[in-house]
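Visitor: I would like to learn how to read a few features of a model. Could you take me through them one at a time?

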Amino acid sequence: MASYPKLPEEYEEDELYHGGRPSLPCQEQQVLKGHEGAVLAVRFNPHGSYCVSCGKDRTVRLWNPHNGVLVKTYVGHGYEVRDAAITRDNSKFASCGGDKQIFLWDVASGNFIRKLRGHDSTVDALCLAADDSVLLSAGYDQCVKVWDMKSRSIDAIQVLKGFQDSVTCVATSGASIFAGSVDGSVRRFDVRMGRATADQLHHPITGLAVTRDGLCLLAACTDSTLRLLDVGGGQQLATYTGHVHAAVKMDCCLTPSDAYVVGSSETGEVFYWDLVKAEMVEQFKAHGGVVTSMSMHPDGELLLTSSVDGVVKVWAK
């Protein structure tokens, strides 16, 4: 039976209401400048102390978002960088893009550890899983590849197929891998059971986010709609609208308590919706152009946004 994620009892304290509105990150705190051209992705590290940004200028940049300092620039990609994923111990991160391969970096030295080859086209998204022992990559070559991070092999250990078009996003929860595609489908691969299921949303999907309990999946679709799906049965539980999402890849995310859905617009705004009521509770102008990517701090105090305007912004409550 379809059900919403259980909201923790402490969520009323975490996201206090002020003047009838929830306290959510929407006040500009820092502007991180340095990329030449569009910033295609921004990601907090798992503890929220640092972040990385991925640029059309073929660089990955490591920042301290709390004071706005650029810590290091990683150069080596020959094409635009589209996504990155940082390990829990902060020692390594993976990045991907137009190179058709994944770069694994040593954070401290800035050197490559190795390059993972096997995709036949642009790699669009990355996700670490299983306590960082596995890396998932999604690409224009209509598949998700699974890589063993503990091995020295440069070849994927598994390839997940079945898509009819580019795979734009990948997420994980427990033993499940979720991937969204331009073909309008969300596919779930149950690693333990060796089973795959597909839900057809009929519109290209560019972003995914999973609730903490793993029971619900949020999908960003190019009909200017975010959809909340029941993972078990595939039923649509709610839709979130008001933003413009028609032509480009954009993210979606959730606040740590799963109380609020976060989406962005091609017109530069960020939106918050109440997950259960599906009502918009906050919106603000973040950038002058498309908001390409977002990342929520693990404690919900900060939100990162990136844009085609070439900057990353840090938003606080």
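Guide: Gladly, and we can start with burial: buried means under 20% relative accessible area, exposed over 50%, and partly exposed in between (1.4 Å probe, protein chains only). C221 has 0% relative accessibility, so C221 counts as buried. This is a predicted model, in which local features need pLDDT of at least 70, side-chain atom pairs count only at pLDDT 80 or more, and totals for chains, interfaces and linings use all residues. Residues are numbered from 1 along each chain as its sequence is written, and side-chain values use heavy atoms, with hydrogens and water left out.

Visitor: Is C253 buried or exposed?

Guide: C253 counts as buried, because its relative accessibility is 10%.

Visitor: How many disulfides does a search of the whole structure find?

Guide: A disulfide is a pair of cysteine sulfur atoms within 2.5 Å. The search of the whole structure gives zero. For C221, the nearest cysteine sulfur belongs to C252, 8.7 Å away. For C253, the nearest is also that of C252, at 7.2 Å.

Visitor: How many bridges join strand β10 to strand β11?

Guide: Strands are DSSP runs (E, at least two residues), numbered from the N terminus, and two of them pair if DSSP finds at least two bridges between them. Here five bridges join β10 (residues 101-106) to β11 (residues 112-117), and the two run antiparallel. W105 stands opposite F112 in β11. Five residues lie between the strands of this hairpin, where G110 takes a positive phi near 80 degrees.

Note on methods:
Helix = DSSP H or I, 4+ residues; strand = E, 2+ residues; numbered from the N terminus.
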